[in-house]
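Hi everyone, thanks for coming. Let me put the sequence and the model on the screen, and then I'll walk you through a few places I like.

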Amino acid sequence: MSAGAVQAALAAAYGLGAIGQRPFLSLFSVVATATVLAVFARTGAILRRTDRNTDRIQRLHEELYRVERRTASWEELGESRHEECLRAVSDSRARMEQEFRLVEKRFSSLDRAVHDTHAQTEAFVDLRALVQPRAPLPPLGGWAASAGVLRPMIGWILDNGPKTIVECGSGSSSVWLGYIAERTGSAVVALEHDADHARATRELVRAHGLSDVVEVRLAPLEEWESGGETWRWYARDALEGLAEIGLIFVDGPPGATGPTARYPALPLLLPLCAETVAVFLDDAAREQDRAVSDRWAAEFPELVRSRHRGEKGLDTFMRSRT
Ligand SMILES: C[S@@+](CC[C@H](N)C(=O)[O-])C[C@H]1O[C@@H](n2cnc3c(N)ncnc32)[C@H](O)[C@@H]1O
C-alpha cells in the first residue's frame with residue numbers, strides 16, 4: 001500500500017470517529033515523514049544514477065572527441081599518402097621514360113656501329129686486294145685512318161696518278177698510301193709534328209720497303225697568322241720543295257692542339273697544288289672539323305665539296321682543270 005492510501009485510510013477512520021484526533025495526527029505525520037524520506041531516498045538514488053550517467057556521457061563525449069581527432073588525422077594522412085603515391089608513380093614514370101629513351105639511343109648507336117663495321121669490313125676487303133704487303137700491315141681505324149676513308153682516296157689515286165701526295169699526320173695511312181703510290185709512281189710526303197711518331201712511322205715504312213716512296217718529315221707545330229687569327233700548324237720549313245701536289249690527306253694536327261687546328265692546310269698547301277687536286281678531310285663529322293670544312297667551302301669556291309657518311313665523317317674537296 002502506498003503512503004497516500006495509508007493517509008486516506010487514516011483520514012477515513014478519523015472521520016468515522018474510529019480514532020481520536022491525537023493518534024490520527026501522530027500517525028498521519030509519521031506516514032507523511034516516511035513519505036518525504038522515501039521521496040528523498042528515491043531522489044538521491046536518481047541523482048546518483050544521473051551523476052553516473054553524466055560521467056558516462058562525459059567519457060563517451062571524450063572518447064568521441066578522440067575518435068574524431070584520430071579520424072581527421074587518418075584522413076589527413078590518407079590524403080598526404082595519396083599525394084606521395086602519385087608523386088612516386090610520376091617519378092618512376094619519368095625515370096622509366098628516361099631509361100626508355102636511353103635504351104632507344106643505345107639501340108640506334110648499336111645499329112649505326114653494326115652498319116659501320118659492315119661498311120669498314122667491305123672497304124678493308126677491297127683495299128687488301130690491292131696490296132701485296134711485305135710485312136704485317138698496320139691496323140686501321142681508331143687513331144689511324146679507317147678503311148672507309150682510305151678506299152675512296154686510294155681509288156682516286158689509282159684513277160688520277162697524282163705526282164705528289166701530302167698527308168698531314170703520319171701513321172698506318174703512310175704505309176697504305178705508300179703501297180699504292182709505288183704502283184702509280186707517286187711520291188708520298190707525310191708531315192708529322194711529333195718526333196716519336198715520326199720515328200715510329202719511318203720504322204714502319206722501312207719495314208715495308210717503302211722508304212723510297214714515303215718520306216716522313218718531322219714538322220713541329222709553329223704559329224701561323226692570317227687575317228688577325230693565329231693557328232699552330234706544321235713548320236713551314238717542312239713544305240720546302242713541295243710542288244704539283246695532287247692529293248692532300250688532312251688527318252692532323254690532332255684536334256687537341258687547338259680549335260680548327262686543320263684549317264691552315266688549304267691556305268698553305270693549295271698554292272703548291274697541281275691543277276687537278278683532291279683534298280680529303282678526315283673526321284669531318286667532328287664539330288671543329290665541320291667548322292674547318294665550312295670555312296674552306298666558303299673561302300675556296302673553286303673546289304667542289306662532297307660529304308661522305310661514315311664512322312668519323314669524310315669531306316672531299318676536288319678541283320679538276322684538265
Ligand atoms: C689522326 S693521327 C694521324 C693518323 C695517320 N694518318 C694514320 O692513319 O695512322 C694525327 C696525329 O696524332 C698523333 N697520333 C697518332 N697515333 C696516336 C696515338 N695512338 N695516340 C696519340 N697520338 C697519336 C700523331 O702525331 C699523328 O700525326
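Let's start where Ser174, Val175 and Gly178 of helix 4 meet Thr201, Leu204 and Val205 of helix 5; contact here means C-beta atoms, placed from the backbone, within 7 Å. Those contact residues split into three nonpolar, three polar and no charged. For the classes, Ala, Val, Leu, Ile, Met, Phe, Trp, Tyr, Cys and Pro are nonpolar, Asp, Glu, Lys and Arg are charged, and the others, Gly among them, are polar.

A word on what you are looking at: this is a predicted model, where local features need pLDDT of at least 70 and side-chain atom pairs count only at pLDDT 80 or more, while totals for chains, interfaces and linings use all residues. Residues are numbered from 1 along each chain as its sequence is written.

Helices (H or I, at least four residues) and strands (E, at least two) are DSSP runs, numbered from the N terminus. Helix 5 covers residues 195–207, and its axis comes within 9 Å of that of helix 4, crossing at roughly 35°. Axes are lines fitted to C-alpha atoms, for helices over the stretch in contact, with angles from 0 to 180 degrees between N-to-C directions.

Now, what does helix 4 do with helix 3? Helix 3 (residues 147–160) and helix 4 (residues 172–184) pack at about 20°, their axes 10 Å apart. The two are therefore roughly parallel to each other, a label for angles under 35 degrees. On the helix 3 side we have Leu150, Ile154, Ile157 and Leu158, meeting Ser173, Trp176, Ile180 and Thr184 of helix 4. That set divides into six nonpolar, two polar and no charged residues. This crossing is right-handed as well.

Ser173 also turns up at the ligand: with Ala144, Ala145, Gly169 and Gly171, Ser173 is among the nearest of the 15 residues around the ligand, where near means a C-beta atom, placed from the backbone, within 6 Å. The shell has four nonpolar, eight polar and three charged residues.

A cis peptide bond joins glycine 252 to proline 253, with omega about 0°. Threonine 260 sits in that loop too, and its phi is positive, near 45°.

Note on methods. Angles under 35 degrees count as roughly parallel, over 145 as roughly antiparallel, 65 to 115 as roughly perpendicular and the rest as oblique. A crossing is left-handed if the near helix is turned anticlockwise from the far one by less than a right angle, and right-handed if clockwise. Two residues are in contact if their C-beta atoms, placed from the backbone, lie within 7 Å.
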